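This report describes the fold, the core and the ligand surroundings of one protein. The sequence and the structure follow.

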Amino acid sequence: MLKITNLRKSYRGGGCALDGLSLDIGAGMFGLLGPNGAGKSTLMRILASLQLPDSGDISFDNINILDNPLALRRRLGYLPQSFGAYPYIGCRALLFHMARLKGLPENRATASQIDRLINLTNLEAHVSRPVTTFSGGMRQRFGIAQALLGDPSLLILDEPTAGLDPEERLRLYNLLSMLSSDRVVLLSTHIVDDVEQLCRQVAIMIAGRIVTQGPTETLVAELDGQIWQGSEPNAENGECRLLSAAFFRGSKQHRYHSAANPGATCASVQPSLQDRYFLELRRNGLASSC
Ligand SMILES: Nc1ncnc2c1ncn2[C@@H]1O[C@H](COP(=O)(O)OP(=O)(O)OP(=O)(O)O)[C@@H](O)[C@H]1O
């Protein structure tokens with residue numbers, strides 16, 4: 001449905017944000033995972049037709065997005081990494097305003113759509129409160145509600161769970177998985193747990209390129225029998241890479257990628273998407289974040 005071909009974007013005075021990126025994305029929830037500066041937000045903004053690439057092609061359901069951004073916008077919902085809101089307008093009134101900006105007719109159908117979205121995002125108790133007074137989680141739920149105006153078939157979410165507490169995160173997970181059944185949902189994040197819990201398909205992006213992609217289950221299963229964990233550090237070599245050294249319940253655990261057991265204190269453990277992500281970072285010359 002969404003086809004991205006050889007996309008390039010450089011910023012003046014900055015480096016290359018997208019370096020010939022190509023992706024094919026079907027219906028359902030697709031996770032785009034990458035470290036800070038990988039180019040995820042640049043890609044999201046280009047897909048949302050807010051920014052132009054230097055070269056490349058993008059089509060959605062055979063609409064060329066770059067030639068025909070208005071046709072896309074009618075079918076697009078976008079939740080940016082951060083967004084502003086008017087300070088004195090209540091949540092429901094702001095949704096009406098945004099519906100108008102999105103070109104929805106001012107009629108009863110739009111009003112009942114807005115009420116449905118308020119209900120879906122659990123904001124009924126706050127319809128008159130300005131969004132600027134919302135907590136982080138409520139704000140993100142409002143962001144999802146505005147993105148869903150017009151029932152878009154392409155939903156682009158840039159770091160939707162950043163800063164949320166575990167309960168709000170779970171609430172958002174449930175909402176997102178419900179929404180992904182009949183549309184393309186592209187979730188961009190550096191939070192591996194979000195992708196592992198929500199997305200059947202994932203791509204890992206580093207320095208403006210996709211370094212691997214496929215079903216989440218397959219990317220993880222490819223590491224079966226190759227992940228080892230131990231409390232003592234072991235020497236790295238060409239065969240053995242340290243993926244992470246992180247505390248778990250107060251004790252430090254080292255996780256390695258290796259074809260054979262890297263040390264006497266290590267045991268074979270189930271691989272996770274985080275292991276795959278850290279391995280791709282290491283393979284591409286980046287240290288893991290812990
Ligand atoms: N307006 C800009 N001007 C110059 N360079 C920019 C601009 N926006 C982004 N960049 C650079 O492009 C690269 C990709 O940035 P981008 O924000 O797209 O990455 P990201 O993966 O979304 O990062 P993060 O997870 O930190 O938001 C970075 O090197 C960044 O410094």
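## Helix H1

Helix H1 is followed by Ser-49, a residue with a positive phi, near 60 degrees. The structure discussed here is a predicted model. H1 covers residues 40-47 and gives the most to the shell around the ligand, contributing 3 residues.

Because 7 of its 8 residues are buried, H1 is largely enclosed by the rest of the structure. The buried residues in this helix are Lys-40, Thr-42, Leu-43, Met-44, Arg-45, Ile-46 and Leu-47. Both Lys-40 and Arg-45 are thus among the buried residues of H1; burial here requires 20 or more other C-beta atoms within 10 Å of the residue's own.

## Surroundings of the ligand

There are 13 residues around the ligand, of which Tyr-11, Gly-14, Asn-36, Ser-41 and Thr-42 come nearest.

Sorted by class, the shell consists of 9 polar, 3 nonpolar and 1 charged residues.

## Overall architecture

The protein contains 9 helices and 14 strands. It is divided into domain 1, residues 2-219, and domain 2, residues 225-270. The centres of domain 1 and domain 2, taken over C-alpha atoms, are separated by 36 Å.

Along the principal axes, the C-alpha trace spans about 70 × 45 × 35 Å. The radius of gyration is 21 Å, which agrees with the value near 19 Å that a compact globule of 290 residues would have. Of the 290 residues, 37% count as buried. Among contacts with a separation of 6 or more, 68% join residues 24 or more positions apart.

## The largest nonpolar core

The largest nonpolar core comprises 67 residues, and Phe-30, Ala-145, Ile-156, Val-185, Leu-186 and Leu-187 touch the most other members. Strand E9, residues 201-206, supplies the largest share of this core, with 5 residues. Since domain 1 (2-219) and domain 2 (225-270) both give residues to this core, it lies between them.

Which residues is Ala-145 in contact with, leaving aside its neighbours within four places in sequence? They are Leu-95, Leu-117, Ile-118, Thr-121 and Leu-123. Ala-145 is itself one of the core residues that touch the most other members.

Terms used
Residues numbered from 1 in each chain as written. Predicted model: local features only at pLDDT ≥ 70, side-chain atom pairs only at ≥ 80, totals over all residues. Near = placed C-beta within 6 Å. Helix = DSSP H or I, 4+ residues; strand = E, 2+ residues; numbered from the N terminus. Nonpolar A, V, L, I, M, F, W, Y, C, P; charged D, E, K, R; others polar. Buried ≥ 20, exposed ≤ 12 C-beta atoms within 10 Å, placed from the backbone. Domains from an automatic or database assignment. Rg over C-alpha atoms; globule rule 2.2 N^0.38 Å. Contact = placed C-beta atoms within 7 Å. Core = buried A, V, L, I, M, F, W, Y, C linked by C-beta atoms within 7 Å.
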